[in-house]
Amino acid sequence: MIQNLYQNAATCIKWNGHLSEPFLVDQGVRQGGAISADLYKIYVNPLLNLLCETGLGGKIGNINCCAPTCADDVAIIATNPLEIQSLVDIAVDFSRREGYLLQPTKSVILPVRTTTKTIETEEGFWNMDDKPMPVVKTAKHIGIHKSEKKNSVLLTVEENIKKARRTLYSLMGSGLHGTNGLDPETILTLVKTYVLPILTYGLDILIPKGKSLTTLNLYHKKLLKQLLSLSTNTADPAIYILSGMIPIEAELHIKILTLFGTISRSEKTSNEWRIAERQLKLKSFNSNSWFIDIKKKSACYII
């Protein structure tokens with residue numbers, strides 16, 4: 001069935017209202033296809049296995065996590081500059097063997113400062129396909145901003161707010177605005193369906209606190225006031241009662257606990273399950289580990 005789905009598959013390009021002549025598709029999977037993600041995982045897994053079998057790269061305890069990946073977005077993690085180059089070389093060799101090109105503008109080096117170690121190396125130290133890889137201060141992995149410093153959460157929150165605004169503007173033509181627009185129930189349904197997932201994207205992993213959480217909370221409340229045509233000094237409880245929505249922090253808690261539930265129900269041999277077990281057993285309550293944050297939030301809900 002899968003072979004028939006892809007055999008002699010053809011496509012064409014639409015540009016300025018005109019269609020090109022059909023041509024055969026020899027590589028890739030159908031965009032938006034129900035099984036496309038699984039097919040790509042089957043294809044890319046040999047590369048991930050090669051990277052992990054080297055024993056190089058980042059580890060949590062004795063658990064190898066050198067190449068966290070989502071679809072075609074691969075991040076290589078290591079604390080040794082030479083190990084990074086070795087893993088990059090493996091990825092380049094795999095791409096040559098499979099006949100595809102790695103994107104040079106997206107393949108960058110991001111030094112991450114931690115409390116224990118910082119890799120300080122000038123640009124030009126690492127190469128991909130004999131070309132120097134740029135050293136950057138910020139980069140994106142699976143749509144989440146990462147920074148060499150500790151402001152990754154704030155960067156992601158600010159980017160999410162920009163994307164949420166653009167989504168709102170694109171929906172205004174359908175009546176998604178306050179006065180003389182759609183009825184409040186429909187407006188809030190559109191916000192929950194299209195805007196809220198963008199606003200909270202990736203924040204179940206990064207977990208905003210302090211300034212980041214305040215920035216997100218203020219935008220969420222301002223958004224609801226504008227859509228419901230409420231005055232700027234409307235009390236917070238009134239906003240949530242009238243809209244029927246919960247505070248953005250509570251939305252994040254639902255996403256965080258849902259993600260943890262997915263990890264806890266996964267196979268015990270999976271890296272995610274093994275990391276969760278290790279962190280919950282070994283880390284103290286004062287740790288900055290994501291799993292300890294979950295433990296604190298779960299304790300609050302149990303109380």
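Predicted model: local features only at pLDDT ≥ 70, side-chain atom pairs only at ≥ 80, totals over all residues.
**Overall picture**

Let us start with the chain as a whole. Its secondary structure comes to 11 helices and 12 strands. Taken along the principal axes, the C-alpha atoms fill a box of roughly 60 × 60 × 40 Å. The chain has 303 residues, and 33% of them count as buried.

**The nonpolar core**

In soluble globular proteins, nonpolar side chains tend to be buried together. Here, the largest nonpolar core has 29 residues. Those with the most contacts inside this core are Leu176, Val191, Val195, Leu199, Leu216, Tyr219 and Leu223. Several helices take part: helix 4, helix 5 (184-199), helix 6 (203-206), helix 7 (210-227), helix 8 (236-243) and helix 9 (248-264) each supply at least two residues. Helix 5 gives the most to this core, with seven residues.

**Salt bridges**

Turning to charged side chains, the model has five salt bridges.

| Salt bridge | N to O distance |
|---|---|
| Aspartate 93 and arginine 96 | 3.7 Å |
| Aspartate 236 and lysine 221 | 2.9 Å |
| Lysine 281 and glutamate 277 | 3.3 Å |

Aspartate 93 and arginine 96 both belong to helix 3 (residues 81-98), where they sit three residues apart, about one turn of the helix. Aspartate 93 has a relative accessibility of 41%, so it counts as partly exposed.

The bridge between aspartate 236 and lysine 221 joins distant parts of the chain: aspartate 236 is in helix 8 and lysine 221 in helix 7, 15 residues apart. Aspartate 236, at 33%, counts as partly exposed.

Lysine 281 and glutamate 277 are four residues apart in helix 10 (residues 271-282), so about one helical turn separates them. Lysine 281 is exposed at 63% relative accessibility, while glutamate 277 is partly exposed at 32%.

**A network and a positive turn**

Asp93 and Arg96 also belong to a network of salt bridges that includes Asp129. Aspartate 129 lies in the loop between strand 9 (127-128) and strand 10 (131-132), and its relative accessible area of 42% makes it partly exposed. Its backbone deserves a look too: although aspartate 129 is not a glycine, it has a positive phi of about 55°. Most residues other than glycine have a negative phi.

Where is asparagine 16, another residue with a positive phi? Asparagine 16 is in the loop between strand 2 (14-15) and strand 3 (18-19). Its phi is near 55°, and at 65% relative accessibility asparagine 16 counts as exposed.

**A positive patch on the surface**

Finally, which residues gather in a patch of positive charge on the surface? They are Lys106, Lys140, Lys162 and Arg166. One of them, lysine 162, has its place in helix 4 (residues 152-171). With a relative accessible area of 46%, lysine 162 is partly exposed.

Definitions and conventions:
Residues numbered from 1 in each chain as written. Heavy atoms only, no water. Patch = residues over 30% accessible without salt bridge, like charges linked within 9 Å, V, L, I, M, F, W, Y side chains within 5 Å. Areas by Shrake-Rupley, 256 points an atom, 1.4 Å probe, with all protein chains shown as cover. Salt bridge = Lys/Arg side-chain N within 4 Å of Asp/Glu carboxyl O. Lys, Arg positive; Asp, Glu negative; His and termini not counted. Charge placed at Lys NZ, Arg CZ, Asp CG, Glu CD. Buried < 20%, exposed > 50% of the residue type's maximum accessible area, 1.4 Å probe, protein only. Core = buried A, V, L, I, M, F, W, Y, C linked by side-chain atoms within 4.5 Å.
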